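Visitor: Could you walk me through this one? I have just opened it and would like to know where to begin.
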Amino acid sequence: MENGDRAAVLVARDVTRRYGDGDTAVDALRGVSVDVPAGELTAVMGPSGSGKSTLMHILAGLDRPSTGLVTVAGKEITDLGDSELTKLRREHIGFVFQFFNLLPMLNAEENIVLPLTIAGVKPDRAWLDELIGSVGLGDRLHHRPSELSGGQQQRVAIARALVSRPSVVFADEPTGNLDSRTGGEILELLRQAVEEMGQTVVMVTHEARASAIADRVLFLADGIIVRELSGASAPEIGAAMEAISSE
Amino acid sequence: MIRFSLKGMAGRKLRTALTALAVILGVTMVSGTFVLTDSIDRAFDAIFSSVYVGTDATITGKSAFEISNGSGTTAPPFQESLRPEVAALPDVADAIGGVAGDAQLIGRDGKSIVFGGAPNLGFSVDPTRPDFNTLTLEKGAWPGRGEVVVDVSTASRKKLDVGQEIGVQAEGPVVQFRISGLVKFGSVDTIGGATLAGFDLPTAQALFRKVGKLDQIRVAGKPGVSRAQLVREIRAILPPGTQVRTGTEQAAEDAKATNEFISFLRYFLLAFGVIALFVGAFVIFNSLSITIAQRTRELATLRTLGASRRQVRFSVIVESLVMGTIASILGLFLGLALATGLFRLFDAVGFTLPNSGLVFSTRTIVVSLLLGIIVTLIASILPAFKATRVPPIAAVREGVTIAPGRFARFRTPIAAVITILGFAGLFWGLFGPDLDTTKILLFMILGMVLVFIGVAMLSAPLIPGLTGILGWPGARFGGAAGALARDNAGRNPQRTASTAAALMIGLALVTLVATLAGSVVQTFTGAVNEIFVGDYAITARNNFSPIPTDAAAAAAQAPGVLAVGSVRTGQTLVFGKPDFSTAVDPGVGAVINLDWVSGSNAVLAELGKDGAFVDKEFAKKHDLEVGSPVEVTFVNGNTGTFVIKGIFDPPSGGSPFGVVTISAAAWDAENPSPKNVYSFVLMRGGETEANAAVLGQALAPFPNAKVATREQFVENQISGLKSILNVLYVLLALSIVVSLFGIINTLVLSVFERTREIGMLRAIGMTRSQTRWMIRHESVITSLIGAIIGIILGVILAGLLILKIDLIDFSFPTLQVIVFAVAAVLVGVLAAIFPARRAAKLNPLEALHYE
């Protein structure tokens with residue numbers, strides 16, 4: 001993924017999502033178009049119920065849009081079947097979850113290489129060592145998740161998301177379950193992945209401080225993108241959020 | 001992925017272990033059965049071949065038709081004069097004659113020595129040719145005139161020794177003998193707990209009423225003569241009614257009866273192992289389904305990391321495969337322990353089985369492992385597919401439920417179809433035209449399996465209603481804990497239904513057995529009271545062995561006896577079919593009262609030399625009426641023509657007679673050592689203590705004969721059925737134990753699932769004992785659901801069977817049903833002990849933090 005042309009890895013066009021039908025129908029997304037360029041960290045922000053989680057689920061192929069198109073790495077995913085989606089996840093998508101979602105019976109290293117194990121690929125030792133070194137887990141590799149702190153668990157999860165060098169990593173409130181100091185460390189790691197490995201990252205968060213590490217911040221309200229900021233600081237983002245919430 | 005499955009199991013040790021138990025028990029039963037029966041088989045083979053080691057050929061009496069084993073009918077003996085003729089043949093080195101028969105040993109207390117229902121075998125022995133004897137001498141000397149040898153096992157149990165006196169009763173009254181030595185049967189102490197007695201040939205011939213006759217000649221050929229040649233030579237001079245076999249063939253022939261018994265025992269016990277495995281399948285299915293539901297987020301995470309549906313399915317199946325394999329291996333080896341235990345148990349109840357070491361055959365290993373593994377695999381298929389329906393989005397979103405499968409909305413119709421198919425199979429098996437036994441069994445078993453599966457599926461929609469009703473007392477009197485228990489039992493109908501289903505199967509089978517037995521007893525009692533108009537019955541002490549005819553003759557001499565009527569039975573060939581026939585003496589007319597279609601009760605006393613009577617069905621089947629001739633071929637090959645003098649309508653409990661009944665006089669002329677199955681006695685004054693004493697006195701020379709009042713007679717006849725019933729209950733308890741583990745497992749998993757909820761309840765003031773109460777009550781509701789559905793199903797199934805067997809009238813086993821329901825409550829309470837303790841131990845604070 002040589003940087004330079006900044007081609008869009010992820011494209012969404014006029015995406016809508018309606019849950020339920022009739023009187024109880026809820027429109028979570030009402031026409032969203034996004035281009036996520038390669039090698040950038042894009043943050044998606046918005047108040048509760050704005051549709052930011054739904055957008056991420058649809059971009060990641062976990063949920064299907066009611067109308068509209070989504071392409072990942074040039075491939076349209078909206079009509080893919082389960083096995084094609086599985087292939088897509090293996091090759092192009094990594095996940096970092098709010099609750100870490102590590103498998104309790106596997107140790108840190110086994111959790112990290114799990115995507116490769118599932119895909120039946122032998123891990124490249126040099127890459128693995130580099131990755132483990134960069135997330136700073138050297139001495140905890142043989143510990144089970146229950147023996148790790150929350151921050152350490154999220155480091156394992158980030159390494160797991162990066163191990164298959166996916167086209168895009170989705171981070172769903174990655175600091176939502178961590179104290180602010182540990183959260184800061186995790187954000188640094190994500191930023192580092194973008195800087196040093198040219199990794200594309202999409203992060204959903206409601207914390208202005210988290211969004212401040214993003215190259216670009218998208219603001220969602222009532223299912224549409226209402227604003228976009230580039231290279232903004234935490235106070236600027238906070239002010240924008242404030243403005244959106246009070247509208 | 002395999003490693004992932006294994007690690008997953010290791011992380012869920014408790015539930016894996018509880019689930020595995022469901023397989024282990026069934027496989028143990030299967031493997032134990034094979035080991036036990038194979039071991040008995042080999043031991044018997046060794047015994048029978050050792051008996052004929054020195055024998056090149058045997059000559060025996062030949063019955064006119066194939067005698068079924070255990071019928072009590074034996075081939076007729078032949079003239080002793082054959083022996084010197086055989087001995088004179090050029091290639092014969094030696095020919096030794098022998099007789100055998102029933103010989104009761106009578107202890108010093110005047111009572112006959114019997115161990116359980118084991119036979120009392122008597123043989124002649126030739127002191128000059130010990131190598132030709134069935135018995136081998138252990139101590140003392142071979143018997144001479146007035147002497148007997150007895151088996152070491154009886155001797156040690158009854159403290160008998162060489163030089164002591166002992167009574168022996170064969171066909172006539174008791175005769176006193178001196179014990180000259182102690183013997184074994186071939187190489188073993190005894191077989192099946194039988195008592196053994198050996199006499200010299202003239203003594204044995206006198207005792208067994210075979211003077212001048214022989215049952216068997218053992219022949220040794222001259223050196224260098226082939227067995228085939230010897231047999232050919234002997235066959236040339238054999239008179240009709242005899243046959244010659246090589247020693248090996250004879251050993252196989254002798255082993256036939258035991259082989260049939262062992263093969264019956266094998267299939268009988270295997271059936272219960274398979275039932276336990278079937279119940280186990282429900283338990284495995286349920287545990288896996290719950291586990292999958294609880295692992296939703298984990299499985300969804302795997303999907304987001306790129307796992308395909310196939311991989312998820314594979315991981316579940318591998319997990320069950322590994323569990324099934326380990327459980328089956330454990331069960332396989334536990335089977336060895338079970339076989340040892342069963343040998344001890346049989347020994348303890350007086351039915352000693354020969355055991356020359358446990359036989360652990362390849363077949364045992366293959367069948368046990370395959371059964372266990374296949375059952376586990378089948379039970380894991382649906383849960384594995386359920387796992388594939390976990391959507392990846394469940395990794396990021398709380399409360400995502402697993403989508404119902406493609407066929408879920410057809411669940412009830414499918415269940416209904418399965419149930420109907422099951423009942424159709426049962427009906428076809430029971431009432432289908434021209435089915436052989438194998439097909440009947442196949443249809444019935446298949447039908448029952450489908451009915452159980454179908455009913456288990458159908459019961460889910462009933463769960464909310466049932467928990468409402470069954471939970472009412474708890475909710476009414478148990479306060480909040482009771483109400484919560486009721487709601488918990490009903491909140492996941494599918495789960496409660498399949499947990500209860502495991503217990504349902506066991507209870508349905510137990511109820512089926514109880515209803516059948518109860519109906520048989522009821523009908524039998526009714527029939528006896530209807531036809532038996534005498535005051536006393538004379539039977540053997542064990543209630544079923546035939547007794548010498550002299551006993552009835554002695555009873556007839558007792559003061560106050562107005563009439564004695566005896567019934568003999570044995571195999572005959574009638575209309576080309578081997579079947580039981582009976583014979584009655586004239587006294588029967590006074591003690592048995594039949595409902596006659598043609599003729600009258602006087603027929604019983606007026607059969608004469610060539611008279612016969614038959615029942616209505618038989619008459620209709622063969623177009624017989626009074627005056628029709630019937631040809632009866634006896635075991636000695638003679639055929640007599642009898643004229644029908646009467647046709648009777650048997651009571652619904654079944655006819656007390658065989659297909660054709662003739663006079664005792666005609667019977668005795670054609671059957672070697674005839675015996676009575678029972679005799680009825682009519683006395684002046686009826687049933688009184690004095691009369692009983694007089695009869696007892698008259699029968700004193702026949703220690704094996706027992707006097708019973710009508711009521712006692714019914715009781716005694718039923719007692720055999722009761723022991724069989726108890727054995728069935730014990731064996732079916734195995735499947736109930738399996739379902740018990742199923743309930744424990746479901747509760748443990750539910751408690752685990754509701755950790756947060758229980759913590760909250762504790763936090764807002766629920767006490768530990770209330771928590772325990774809640775879990776226990778939920779458990780009892782679940783078991784009661786299983787019990788109620790099972791009992792209803794069992795009664796229906798029994799009703800169907802009784803419909804088929806028109807000799808039995810249906811009778812509802814009220815008492816047993818109450819006992820079963822109470823037992824189900826106990827199962828519920830028992831199952832809840834461990835899960836309730838776990839729930840009560842939850843620390844409210846930790847439980848709330850639990851994620």
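Guide: We can go through the chains, then the core, and then some of the strands.

Guide: Please keep in mind that this is a predicted model.

Visitor: Okay, what is the secondary structure of chain A?

Guide: Chain A comes to eight helices and 10 strands, and along its principal axes its C-alpha trace spans about 50 × 40 × 40 Å.

Visitor: And what radius of gyration would a compact globule with 247 residues have?

Guide: A compact globule with 247 residues would have a radius of gyration near 18 Å, and chain A has 18 Å, so the two agree. Of the 247 residues in chain A, 49% are buried.

Visitor: Now chain B, how many helices and strands does it have?

Guide: Chain B has 26 helices and 25 strands, and its C-alpha atoms fill a box of roughly 100 × 65 × 50 Å when taken along the principal axes. It has 851 residues, of which 49% count as buried.

Visitor: What about contacts between residues that are at least 24 apart in sequence?

Guide: If we take the contacts in chain B between residues at least 6 apart in sequence, 82% of them join residues at least 24 apart. For chain A, counted among contacts between residues at least 6 apart, the share that joins residues at least 24 apart is 67%.

Visitor: Let's go inside. Which residues have the most contacts inside the largest nonpolar core?

Guide: Those are A:L190, B:V150, B:I538 and B:A555, in a core that has 325 residues. The largest share of this core, 21 residues, comes from helix 16 of chain B, which covers residues 493-531.

Visitor: Can we stay with B:A555 for a moment? What is B:A555 in contact with?

Guide: Once its neighbours within four places in sequence are left aside, B:A555 is in contact with several residues, among them B:I538, B:V564, B:V681 and B:L699.

Visitor: Is strand 24 of chain B enclosed or exposed, and why?

Guide: Strand 24 of chain B, residues 675-683, is largely enclosed by the rest of the structure, because seven of its nine residues are buried.

Visitor: Which strands are joined to strand 24 by bridges?

Guide: Strand 17 of chain B, residues 561-574, is joined to strand 24 by seven bridges and runs antiparallel to it, with B:V564 having B:V681 as its bridge partner. Strand 15, residues 536-540, also runs antiparallel to strand 24, with three bridges between them, and here B:A537 stands opposite B:F680. Two bridges join strand 16, residues 547-548, to strand 24, again antiparallel, and B:I547 stands opposite B:N676.

Visitor: Switching to strand 22 of chain B, does strand 20 run parallel or antiparallel to strand 22?

Guide: Strand 20 of chain B, residues 611-615, runs parallel to strand 22 and is joined to it by five bridges. In strand 22, the bridge partner of B:D615 is B:F648, and B:F648 also stands opposite B:W596.

Methods: Residues numbered from 1 in each chain as written. Chains lettered and ligands numbered in written order. Predicted model: local features only at pLDDT ≥ 70, side-chain atom pairs only at ≥ 80, totals over all residues. Core = buried A, V, L, I, M, F, W, Y, C linked by C-beta atoms within 7 Å. Buried ≥ 20, exposed ≤ 12 C-beta atoms within 10 Å, placed from the backbone. Helix = DSSP H or I, 4+ residues; strand = E, 2+ residues; numbered from the N terminus. Contact = placed C-beta atoms within 7 Å. Pairing = 2+ DSSP bridges. Rg over C-alpha atoms; globule rule 2.2 N^0.38 Å.
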